[in-house]
Amino acid sequence: MKFRYLYFLIFLLGFDCFNGQKYDSLDVKAAEKYLISNPEKAYDLSIKIYNSNDLDEKFKVRLLFSLLNVSNQTQKFSEAIRYGTEGLELAEKSDNTVAQIKFLGVLGNIYQSLQVNDKAKFYLNKAEDILKKTKLPSSEKHIRGNILYLKGMNYAYTLDCDMALGYFDQAITSYQAAKDPLSQINVKLAYLNKAHCLIEMNNLKGAEKYLNLSKVNDAEISSSPGVPKVYLDILNRSVDLGFAKIFALKNDVNRSNEILLSILNVQNKKDISDTDTDVYLQLSKNFLSLKNMDKSKAYENLYQQKLAEKNKIQIEILNNLLLQDQKNADQKIDQYNSKIVKWSIVSVVFFGALILVFSLIFLKIKKKNKYFQKDLYNTDN
Amino acid sequence: MKLLFACVFGLFFYHLSAQHVSDTKQIFHKIDSQMIANPAKARDLIGFVKKNNQNKEVLNECSRLMVQAYYYENNYNEALQEIIQTENQQNVDGIIAYQSILYSAGIKNVDFNANYSENALFKINREILASNDLILQGSIAKAIQKTEGILPKITNENKHNYRDSFSFILVNLSENNRLSQFPGFHQSVLKIFSLYPDDLEFNILKKKLFPEIISDQWLLKTGNIIENTSNFRLKTLYYSFLQDYYFSKKDVSHYSLISQKKENQVSQGNKAITEARSQWIYLTETKTVDEYNFAEKRGLIILSAIVFLSCMILMVLFFKIRQEKLKGKNYQLFSDKLKTNARKKKEPQVISENVKLALLEKLEKLESTNFYLDPHISIQNLAKKLDSNSKYVSDIINTYKKKNFTAYINEMRIDYIKQKLNTETVYRSYKIKYLAEESGFSSHSVFSSVFKSIEGISPAQYIQNLNH
C-alpha cells in the first residue's frame with residue numbers, strides 16, 4: 001500500500017502557519033500574500049528579509065518558519081531543512097516550545113515525504129515529547145492534531161498500521177477539539193488515511209465508514225475559505241480510490257474499474273497529487289484478475305513509468321540533500337579547524353610573548369648575577 | 001649446519017604460506033562461482049576466509065564480496081554498514097563495487113574517504129553509470145555513444161569490476177522495450193553479454209532482451225536454480241523474464257501467477273531501497289558527526305598541548321627566575337657583608353673616653369689580683385675578664401701603658417719577681433727555673449731573656465748584687 005496524501009497536508013500546515021501570524025513588516029505581509037499564488041516570489045521576498053541584519057530573535061524564528069514552509073512548498077528541500085534546523089535551534093534557545101513543535105513537525109514532514117523514515121521519526125518523536133509536556137494555547141490546538149497525524153503517517157509508511165491507527169484516532173480527537181475550519185479539513189485527511197490502513201488490514205467495513213467520513217461535500221467546500229478547491233478535489237479522489245480498492249477486494253472488479261477510470265478522467269494535467277500512480281496499479285491488478293493481460297500490462301507500464309518519474313525526483317532530492325549535508329559537514333569541520341588554528345595562533349602569540357618576557361627577565365637577572373659574581377671574586381682576590 | 005637448518009625451515013614455511021595462499025585463491029574461486037546462484041553460501045565461505053586471514057588485501061577482497069553478497073540478497077542494511085565501516089581502507093576494486101551498489105539504491109553523491117576519483121578503473125565505472133543515467137533520462141542515442149566509447153576499455157582483467165554496473169544498463173534496456181526501439185544498441189549489448197558468458201543473470205537478461213525459442217529444459221533448469229537461490233535480484237529478474245515469456249505465449253494463468261510473484265519481489269525491493277536511503281542518510285550523518293567529534297578532539301588536544309607546553313616552559317622560567325633572584329639576593333648579602341668588613345677595616349674604631357676610663361679602671365683593679373702570673377694569659381682571656389673585646393683592651397694598653405700587650409704582661413711579671421727578691425730573701429736562694437714559674441713564664445730561658453732585656457742584667461747577677 002502506498003500513502004501519497006502527505007504533500008497535501010504539508011500545504012495545509014504551511015497555510016495554517018501563515019494565516020496565524022501577525023507580521024511586523026509590510027514586506028513579510030507581501031510575502032504572505034504571494035505564498036499560494038506565487039511561492040517563488042514569496043520565497044524571494046522572505047530571503048530578502050532574512051538577509052537584512054536588523055532582525056530580533058523572535059522575529060527571526062517566525063521568518064525562518066515562513067522560509068521553511070515556502071522552501072518546502074517550492075520543493076527546495078535542502079534549503080527547507082537548513083532553515084528548519086536553524087529555526088529549531090533558535091526556538092530551543094529562546095525556549096519557545098510552540099515554535100519548536102512547529103519546526104519539528106514540518107521537518108519530520110519533509111523527511112517523511114522524502115521517505116527518510118528514520119529522520120522523520122526522530123523529529124516527530126521529539127515533537128511528541130514536547131507536546132506531552134506543553135499546554136498549547138487554544139488557538140494552537142490543531143498543532144497537536146498535526147503532529148499526531150504525522151506520527152500516524154510515519155507508522156503507515158513503515159507498514160505498521162496497528163500503531164498508525166492509534167495515532168490517527170488521537171489526531172482525529174485533537175482536530176475535533178480544535179474546531180477551526182482548517183482542522184475540520186485536516187480531520188478528513190486523518191479519516192482518509194485511517195481508512196487506507198483499515199483496507200490494508202482487510203477491515204473493509206471500518207474502512208468504508210471512515211471513507212464516507214472523509215468525503216468533502218459541496219457545503220463543506222464553501223465553508224472552507226482559504227483552502228483551494230483543487231486540494232479538496234484531490235481529497236475526494238483519494239476517497240474514491242479507497243472505495244475502488246474495497247470493491248476490488250470484494251471481487252466487484254468492474255465497479256472498481258469504473259471508479260478508477262472516472263478518477264483518471266477528472267485528473268487534470270496540473271494535478272499535484274500522486275493519486276494516478278495508485279490508480280494505475282489498482283487498474284493493472286483489476287485487469288489481471290479479469291484475465292485481460294494486455295490492459296493489465298499497459299497499466300502496469302504506466303504505473304512503472306509514474307513510479308520511475310517519482311523515483312527520479314526522489315533520487316535527485318536525496319542526492320542534493322546528501323551533497324548539501326556533506327558540504328555543511330565539511331564546512332562545519334573547516335570552520336572548527338580554522339577556529340582552532342586561530343586560537344592556536346593566539347595562544348602561541350600570547351604564550352610566546354609571555355615566554356619571551358620571562359626569558360628576558362631571566363637573562364637580565366642572570367647577567368646581573370654574573371656581574372655580581374665576577375665582582376665578588378675580584379673583591380676576594 | 002645452522003645454515004642448512006635455516007634453509008630447511010625457510011623452505012618449509014615458504015611451502016606452508018604458499019599452500020595457504022593457494023587455498024585462499026581456491027576458496028575465492030569457489031566464492032566467485034557461488035556468488036550469483038547462491039550468495040548465502042558465498043557469504044559463509046567469505047566468513048571462513050575472513051576468520052582465517054590477517055592479510056589486508058584478502059580482508060579487503062572479503063569485504064567487497066560480502067557487500068556484493070548482501071546486495072544480491074537485497075540486504076541493504078548489512079551491505080551499507082559494511083560499506084561505511086570498510087570504505088576507508090578499501091582498494092579501487094572495492095570502491096567500484098561499493099559505488100555501484102550505492103548507485104543501485106539511488107545514492108550517487110558519495111564522498112569516499114579513499115580518493116580514487118582520478119583512477120582509470122574508477123572513471124570507467126563512473127562512465128558506465130553515467131551511461132545508465134542517460135538511458136533512464138531517455139537519451140538513448142547518447143547512451144549508445146557513451147557505451148561504445150567505454151567497451152574497448154574493458155578487458156578480461158578488469159571486467160569483474162563492472163558486472164553490476166553493466167547489469168543496470170541491461171535491466172533498464174529490458175524495461176518498456178527500450179532496446180527494440182534502438183537497434184543501434186544491439187552491438188554494444190551483445191559485446192557486454194560476451195564479457196560474462198557464464199553468468200546466469202546475464203544469461204536471463206539475454207533471453208529477455210533477445211527473445212528466442214526457450215527450451216523447456218532451460219526453463220526447468222533455471223527454475224530449479226531460482227527456486228533454491230537466495231539471490232533476490234536474480235529472482236526478480238527471472239520473474240520479470242517469465243512475465244514477458246507468458247505474455248508472449250498468451251498464457252494468462254501463468255502470467256497472473258508470476259505477476260503476483262513479481263509484484264511482491266518489486267515491492268520488497270522498493271521497500272529495501274527506501275530503507276537503504278534512509279539508513280544511508282543516518283550512517284553518513286553519524287559518520288560526519290564522528291568526523292566532527294574527531295576534529296573537535298584533535299583541536300582540543302592541539303590547543304591543550306600548546307597551553308600545557310607553554311605553561312611548563314613558563315613554570316620552568318618562573319622557577320629559574322626565582323632561583324636567580326635568590327642567588328642575586330645572596331650575592332647582595334655577601335657583597336654587603338664584604339663591604340661592611342672592608343669599611344670596618346678601613347675606619348679605625350673610635351672608643352669613647354668614658355669607656356676607656358672605665359676599662360682602664362677595671363684593668364688596674366685586675367692588676368692587683370696578679371692576673372699576669374697565669375702562664376696561659378692572652379689578650380682574649382684578659383678581654384673576657386674585663387667584659388670587653390681584645391681590640392679595646394689592646395687599645396687601652398697601647399694608649400695608657402704605652403706598650404703592647406706582651407711587653408705589659410712581661411714587665412708586670414718582672415716587677416713582681418723583683419719585689420719578691422727584694423723583700424723576701426728566701427727567694428734569692430731559689431733556682432732560676434722556679435723564679436720563672438713563679439712569675440708566670442713558661443720557661444726559664446724566656447724569663448732570663450726578658451729579665452735581661454728589662455733590667456740589663458741576668459736574674460742571677462741581680463740576685464748576686466742584692467746579696468752583696
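A residue counts as buried when 20 or more other C-beta atoms lie within 10 Å of its own C-beta atom. The legends below apply this criterion to a predicted model.

View 1. α10(A) is followed by Asn202(A), for which the phi angle is positive, near 65°. As context for this view, chain A holds 16 helices and 0 strands, and buried residues make up 40% of its 381 residues. Among the contacts in chain A between residues at least 6 apart in sequence, 60% join residues at least 24 apart.

**View 2. The buried and exposed faces of helix α10 of chain B**. In this helix, which comprises residues 186-195, Ser188(B), Val189(B) and Ile192(B) are buried. These residues cover an arc of only 100° around the axis, which means that they lie on the same side of α10(B). Among the elements that cover the buried residues of α10(B) are α7 (140-150), α8 (163-174), α9 (178-181) and α11 (200-209) of chain B. The face turned away from the buried side of α10(B) carries Leu190(B) and Ser194(B), both of which are exposed.

**View 3. The contact between chain B and chain A**. Here 44 residues of chain B are in contact with 44 residues of chain A. On the chain B side, the largest share, 36 residues, comes from helix α14 of chain B, which spans residues 252-346. By class, the side of chain B that touches chain A consists of 21 nonpolar, 13 polar and 10 charged residues. For the complex, the predictor gives an ipTM of 0.78 and a pTM of 0.72.

**View 4. Domains and confidence in chain B**. The domain assignment of chain B gives domain 1, residues 2-285, and domain 2, residues 353-467; the centres of these two domains of chain B, taken over C-alpha atoms, are separated by 131 Å. The mean pLDDT of chain B is 88, and 94% of its residues reach 70 or more. Within chain B, confidence is lowest in helix α1 (residues 2-35), at a mean of 67, and highest in helix α5 (residues 92-104), at 95. Where pLDDT is low, the predicted coordinates should not be read in detail.

Key. Residues are numbered from 1 along each chain as its sequence is written. Chains are lettered from A and ligands numbered from 1 in the order in which they are written. This is a predicted model: local features need pLDDT of at least 70, side-chain atom pairs count only at pLDDT 80 or more; totals for chains, interfaces and linings use all residues. Two residues are in contact if their C-beta atoms, placed from the backbone, lie within 7 Å. Helices (H or I, at least four residues) and strands (E, at least two) are DSSP runs, numbered from the N terminus. Ala, Val, Leu, Ile, Met, Phe, Trp, Tyr, Cys and Pro count as nonpolar, Asp, Glu, Lys and Arg as charged, and the others, Gly among them, as polar. A residue is buried if 20 or more other C-beta atoms lie within 10 Å of its own, exposed if 12 or fewer, and partly exposed in between; C-beta atoms are placed from the backbone. The arc is that of the directions from the helix axis to the C-beta atoms. Domain bounds come from an automatic or database domain assignment. pLDDT is the predictor's confidence in each residue, from 0 to 100.
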